Amino acid sequence: MNAHKRHEIFTRLRDHNPEPTTELVWSTPFELLTAVLLSAQATDVGVNKATARLFPVANTPQAILDLGIDGLKEHIRTIGLYNTKAENLMKTCRILVEQHGGKVPRTRQALEALPGVGRKTANVVLNTAFGEPTIAVDTHIFRVANRTGIGRGKDVVEVERKLLRHVPREFLKDAHHWLILHGRYTCLARRPRCGSCVIEDLCEFKDKVDL
């Protein structure tokens, strides 16, 4: 795929959704970090329901530590793997309080040192909370990047590297959100809605479906 086609793809995605953002509900970097930690193998809708119960009671690292592990589990028990997620969140809160003054760090190294935080979670926080031009490659973005030809790769790290290299700089900050939303609602895994896709004529996917 050439640079002109990539630029046109992101121009159309921007025109279609000028201010894309995550579907997780958050108001502070710590709330976003918490929501992303809870989102593994869970839907954003499910996470939002849990955080709607949790955040009014505890939305800072110290408040969650004060809530205690059992209290935390009670608020997030509707989410899959809530026991493991609660343990990781408690450990993360302790590190944030003891090492970062209760604030979410703004570097990848410090973020990835937190329990339960991998490269994808760190990228989401850096991009969405702090406006860094990072791309968190999940299953949706991996699929869209490979199907369209925007940034093909055999694994998520390779796709991330290709996207960071090839996405025009003016679109880089919001590219993560455009691609994930496109994968979630248009470029579906089993039956992509090619007929209603705003970039259908630019996409290099060979098995298009007229839906």
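Predicted model: local features only at pLDDT ≥ 70, side-chain atom pairs only at ≥ 80, totals over all residues.

Residues are numbered from 1 along each chain as its sequence is written, and side-chain values use heavy atoms, with hydrogens and water left out.

**Exercise 1. Work out how H3 and H4 are oriented to each other.**

Step 1. Find the helices: H3 covers residues 44–54 and H4 covers residues 61–76. Helices here are DSSP runs (H or I, at least four residues; strands are E, at least two), numbered from the N terminus.

Step 2. Take the angle, which is about 140°, with the axes 11 Å apart. Axes are lines fitted to C-alpha atoms, for helices over the stretch in contact, and angles run from 0 to 180 degrees between N-to-C directions.

Step 3. Classify the angle: under 35 degrees is roughly parallel, over 145 roughly antiparallel, 65 to 115 roughly perpendicular and the rest oblique. H3 and H4 are therefore oblique.

Step 4. List the partners: Ala50, Arg53 and Leu54 of H3 meet Ile64, Leu67, Leu72, His75 and Ile76 of H4, where contact means heavy atoms within 4.5 Å. These residues are six nonpolar, one polar and one charged. (Ala, Val, Leu, Ile, Met, Phe, Trp, Tyr, Cys and Pro count as nonpolar, Asp, Glu, Lys and Arg as charged, and the others, Gly among them, as polar.)

**Exercise 2. Describe the ring cluster of Phe10, Phe171 and Trp178.**

Step 1. A pair of aromatic rings is described by the distance of the centres and the angle of the planes. Rings of Phe, Tyr and Trp (its six-membered ring) pair if their centres lie within 6.5 Å; planes under 30 degrees apart count as stacked, over 60 as edge-to-face and the rest as tilted.

Step 2. Phe10 and Trp178 are 6.4 Å centre to centre with 55° between the planes, a tilted pair. Phe10 lies in H1 (residues 3–16) and Trp178 in H10 (residues 172–185), so the pair ties together parts that are 168 residues apart in sequence.

Step 3. Phe171 and Trp178 have centres 6.2 Å apart and planes at 65°, so this pair is edge-to-face.

Step 4. Check the burial (buried means under 20% relative accessible area, exposed over 50%, partly exposed in between, with a 1.4 Å probe and protein chains only). Phe10 is buried at 0%, Trp178 is buried at 4% and Phe171 is buried at 1%.

**Exercise 3. Is valine 124 buried or exposed, and which residues does it touch?**

Step 1. Valine 124 sits in H7 (residues 119–129).

Step 2. Its relative accessibility is 11%, so valine 124 counts as buried.

Step 3. Not counting residues up to four places away in sequence, valine 124 touches Leu32, Val36, Ala129, Ala136 and His176.

Step 4. Look at H2 (residues 29–38), where nine of 10 residues are buried. Leu32 and Val36 are among them, and the buried residues of H2 pack against H3, H4, H5 and H7.
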